[in-house]
Amino acid sequence: MYKRSYTPDDRMCDLVCDRYSVLQVMSRFGIAPGFGDKRIAEVCADREVDTATFLAVVNMHLGGGSAAAGEVSVRALTDYLRNAHRYFLSFRLPAIRRKLIEAVDCSRSDVSLAIMRYFDEYAAEVDGHMAYEERTVFPYVEALLEGRPSDYSIEVFRRRHDRVESHLSELKNIIIKYYPAGGTSALNGALFDIFACEEELASHNAVEDEIFIPAVERLAAQGGAEPRPEPLSAREREIIVCVVKGMTNKRIADALCISTHTVVTHRRNIAAKLQIRSAAGLTIYAIVNKLVDLSEIGDLLDQQQA
């Protein structure tokens with residue numbers, strides 16, 4: 001059974017093999033295959049992608065909910081949405097148009113000609129929708145991130161944000177119900193891509209409505225400029241190393257000459273700063289940030305992966 005929600009400790013290869021549709025999400029974050037058995041947090045760290053933002057988008061895409069607005073990076077979301085725009089406008093919609101041209105003969109049928117005209121008008125609508133975001137919304141977000149004043153409000157975007165996939169659904173139904181009989185496999189292939197694109201656009205809109213807009217509202221409410229994560233103290237780094245080596249709270253307390261209660265408090269603070277609570281997740285963090293050498297914890301890592 002597929003998981004509905006993935007965590008930083010899950011392996012990226014398992015995510016892709018379970019739900020291959022996330023490949024489009026990964027490409028918009030600049031994550032390519034070739035990551036071996038690394039966990040999601042480790043792959044994101046390698047590619048300099050914010051893990052919480054990546055998982056918020058992935059889990060929403062898979063129907064498993066999303067992170068709270070305060071847990072995601074507005075900058076990372078904006079980059080993701082820009083890459084999504086390029087995908088739809090430069091690749092997805094032009095590819096569907098080419099398939100439609102191959103599938104319908106505009107020289108023989110007025111219906112075929114009308115279908116192509118409908119699609120072109122729809123593509124222009126999507127282009128206008130995304131151009132508004134590129135021209136108005138994203139510069140506003142950049143101004144917020146840089147602490148510059150702006151007269152715009154994300155509430156304006158919320159009110160005018162329409163569902164760009166709706167007309168594509170209408171085109172799909174027109175072809176299914178009214179295109180003259182005798183269509184070829186090419187037409188079915190074009191229809192398949194229209195169905196897929198409709199779902200992709202719906203997911204794209206959901207990311208904007210349920211993750212991006214709330215995150216920008218939170219950013220505006222706190223005066224702009226995303227807060228940088230509070231750095232770990234030297235003591236917290238020591239405790240991470242101990243946890244990674246499999247030490248209990250009591251052993252850590254004895255080794256560092258502090259109370260068990262203090263160890264628990266430090267671990268709570270580490271979890272809040274890193275948004276990592278499991279030993280496996282801390283192991284990945286420690287390796288990526290060179291707090292430990294892989295040879296020191298090889299046996300423990302094998303146990304965690306088993």
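This is a predicted model: local features need pLDDT of at least 70, side-chain atom pairs count only at pLDDT 80 or more; totals for chains, interfaces and linings use all residues.
Glu48 is found in the loop between helix 3 (40–46) and helix 4 (51–61), and its phi is near 60 degrees, a positive value in a residue other than glycine. Most residues other than glycine have a negative phi.

Cys257 presents another case of positive phi in a residue other than glycine, again with a value near 60 degrees. Cys257 is found in the loop between helix 11 (249–256) and helix 12 (260–274), and at 70% relative accessibility Cys257 counts as exposed.

## Salt bridges

Side chains of opposite charge can pair when their charged atoms come close. A search of the whole structure finds 15 salt bridges, including one in which the side chains of Glu142 and Arg82 meet at 2.7 Å, N to O. Because Glu142 lies in helix 6 (residues 110–145) and Arg82 in helix 5 (residues 74–103), this pair ties together parts that are 60 residues apart in sequence. Glu142 is partly exposed, with a relative accessible area of 27%, whereas Arg82, with a relative accessible area of 19%, is buried, given that buried means under 20%.

Helix 5 also contributes Arg92, whose side chain meets that of Glu200 in a salt bridge of 3.1 Å, N to O. Elsewhere, salt bridges that share partners join Arg92, Lys99, Asp193 and Glu200 into one network.

## Aromatic pairs and a cluster

The count of aromatic pairs comes to six. One of them is the edge-to-face pair of Phe29 and Phe54, with 5.5 Å centre to centre and 75 degrees between the planes. This pair links distant parts of the chain, with Phe29 in the loop between helix 2 (22–28) and helix 3 and Phe54 in helix 4, 25 residues apart. Both Phe29 and Phe54 are buried, and together with Tyr80 these two residues form one aromatic cluster.

Phe138 and Phe212 also form an edge-to-face pair, at 6.1 Å centre to centre and with 90 degrees between the planes. Phe138 lies in helix 6 and Phe212 in helix 9, so the pair ties together parts that are 74 residues apart in sequence. Phe138 counts as buried at 0% relative accessibility, and Phe212 is likewise buried, with a relative accessible area of 1%.

Note on methods: Residues are numbered from 1 along each chain as its sequence is written. Side-chain values use heavy atoms; hydrogens and water are left out. A salt bridge is a side-chain nitrogen of Lys or Arg within 4 Å of a carboxyl oxygen of Asp or Glu. Helices (H or I, at least four residues) and strands (E, at least two) are DSSP runs, numbered from the N terminus. Buried means under 20% relative accessible area, exposed over 50%, partly exposed in between (1.4 Å probe, protein chains only). Rings of Phe, Tyr and Trp (its six-membered ring) pair if their centres lie within 6.5 Å; planes under 30 degrees apart count as stacked, over 60 as edge-to-face and the rest as tilted.
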